[in-house]
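Dear colleague,

Please look it over before reading my notes.

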Amino acid sequence: MNRRAALLGTGLMLLAAVLLALGAAVGSTGLDSLRAVREDPVAWQIVRDIRLPRTVGAWVTGALLGLAGAVAQGLFRNPLADPYLLGSGSGASLGAALALLAAGLSPAAAMAGGWWLQVGITGAAFAGAVLAVVFTLTLARGAQHTLRLLLGGVIVGVVLGAAKDMVTLSAPDILQSMQGFTLGSTSFLGWQAVALMASVLALCLGASWLLAPVLDGLTLGEATAASLGLSLPRLRAALVAVLALATGTAVAHAGLIAFVGLAAPHLVRPLLRSTHGALLLLSAGMGGALLMAADLLARWLLAPQELPVGVLTALLGGGYLLWLMHRRSMAGAGR
Amino acid sequence: MSGAVLQARAVHARLGHVEVLHGIDLALPAGRWTSIVGPNGAGKSTLLKLLAGLLPCSGGAVELQGRPLAQWPGRARAREVAWLGQGEGGADDLSAYDVAMLGRLPHRPWLAPPGPADHAAVERALRATHAWDWRARPLGELSGGERQRVLLARALAVEAPVLLMDEPLANLDPPHQADWLAAVRSRVAAGGTVVSVLHEIGFALQADDVVVLQAGRVAHAGAANDAATHRALEAVFENRIAIRPLQGQWVALPRP
């Protein structure tokens, strides 16, 4: 089992390396030869300051979402759980909308975006995501009751989503920027953002590795986990914190990227049935590879036009899952 | 009474706003197997959870080795008391071996890989329930009975002095019910304390002691081969069963 996990991990890393090389080469004019790029200082600058950070950033964002998805599915013992379940998605949107409103900018200026504006939107989105989770926890009176937590997350999501819509309607100027945020985008990621996200990813990976035995124990139900000596209220709060931090960081930088968090663990499971230690790490690797591939295709398919990356993740991940379900139901019918 | 490993003193318990147990006194000595029986809704599972320290008492206290359960640190308690619940779902992606290994969680330092003692305990447990041969199969691909045997092995693998089991025979076919009986007997012979909630009266009467629970109170507690216990059992089931000896064992016959 462990050898298979190592093999799959290596495979995902190799895939990421290949995608990184492709990501550096693919631009708005199609595929560049990397050797030619090295001799042209302008082209090299484009690769170094735009293509590389957004490609690496796509991997880190996807890894954060994949990890958050695996944590959410283990924590809620539900394969349909996704990282936005605790209201963090709507909270981040509201934060971003308020930041844009406060900046009072036209869409063109927002797109060009000064560095400070970018930091402001990111900070507001992150604060919104974390506040939404705190709000959900308050509503559910702590993390002890999974069902109450789920219900609280849904309610907070709806209410904050409605608030975001009110803000957007009151200032139609920000509509276009908001749409970009809602669909998710990896195109504005710079090295600073990548460094910040990578440190959060390292932190979250470490914490979830420490908490993996809790998720294993929870697979047998909360009472059994408690009978094994796991102090659930404390440990579950720690898991919620990891979930909120990973999701909030990803959403703040890249918007509401659909489906990566839900799909990544499901893409790992048919390849490897394992305890959560390996599942969490591999889901992060799978999420990273998925979003990196989507980012690449988003730039490539309609170049020089760019597709929203969230649309592609839904198409890619969703298509694969559909095929997987179809294959499984065929196998079930044949049995 | 002082020899009791696990003792309930005037225990009350609530589920939501409803009080389910109204003052239970119970002493469970080492080296004995006790069956808890009673009609549906008598509070059997609740009592078992209380004894495992999984539910707080709303009155009274449960003592493990003379010390209130609430004062035990979780992991230390988990090494002393193993609990098998009713209809534990999930874990479909874990192999039978991984599930049984979860029983070793209280014995292992956090994140330490399982040691030789853990592997040995898991192998003993899986062999005892005859699940060793397909230990690599994920739980999601097992039948109900096979899954129950893995869950049973998970509880056995803790190798705790006190073993509490809620409906352990669910989905088991007769040969594996006999295996379960053998596992319990060897546990008790080694000085362990076993408490089981059982629906099948015939199996419950194989135990050393029987506690008859009715509407959240102990209706009777006594030896399994005592006539008074049999009368109490018949009474609690509205005299719809008759307990008769057959080839040196007690059987419960339905009475129309």
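What follows is a description of the confidence, the helix packing, the sheet and the contact between the chains.

This is a predicted model, in which local features need pLDDT of at least 70 and side-chain atom pairs count only at pLDDT 80 or more, while totals for chains, interfaces and linings use all residues. Residues are numbered from 1 along each chain as its sequence is written, and chains are lettered from A and ligands numbered from 1 in the order in which they are written.

The mean pLDDT of chain A is 84, with 90% of its residues at 70 or more; pLDDT is the predictor's confidence in each residue, from 0 to 100. Where pLDDT is low, the predicted coordinates should not be read in detail. Helices here are DSSP runs of H or I with at least four residues, and strands are runs of E with at least two, numbered from the N terminus.

In chain A, helix α3 (residues 41–75) packs against helix α11 (residues 232–254) at about 150°, their axes being 9 Å apart. Axes are lines fitted to C-alpha atoms, for helices over the stretch in contact, and angles run from 0 to 180 degrees between N-to-C directions. The angle makes α3(A) roughly antiparallel to α11(A), a label for angles over 145 degrees, whereas under 35 counts as roughly parallel, 65 to 115 as roughly perpendicular and the rest as oblique. The residues of this contact divide into 13 nonpolar, four polar and one charged; Ala, Val, Leu, Ile, Met, Phe, Trp, Tyr, Cys and Pro count as nonpolar, Asp, Glu, Lys and Arg as charged, and the others, Gly among them, as polar.

α3(A) also packs against helix α13 (residues 276–300) of chain A, at about 140° and with the axes 6 Å apart, which makes α3(A) oblique to α13(A).

Chain B has an open, antiparallel sheet of four strands in the order β2-β1-β4-β5, where strands pair if DSSP finds at least two bridges between them. Nine bridges join β1(B) (residues 4–15) to β2(B), and Gln7(B) stands opposite Ala27(B) in β2(B).

Finally, 22 residues of chain B are in contact with 19 of chain A, contact meaning C-beta atoms, placed from the backbone, within 7 Å. On the chain B side, α2(B) supplies the largest share, four residues.

Best regards

Technical notes. Two residues are in contact if their C-beta atoms, placed from the backbone, lie within 7 Å.
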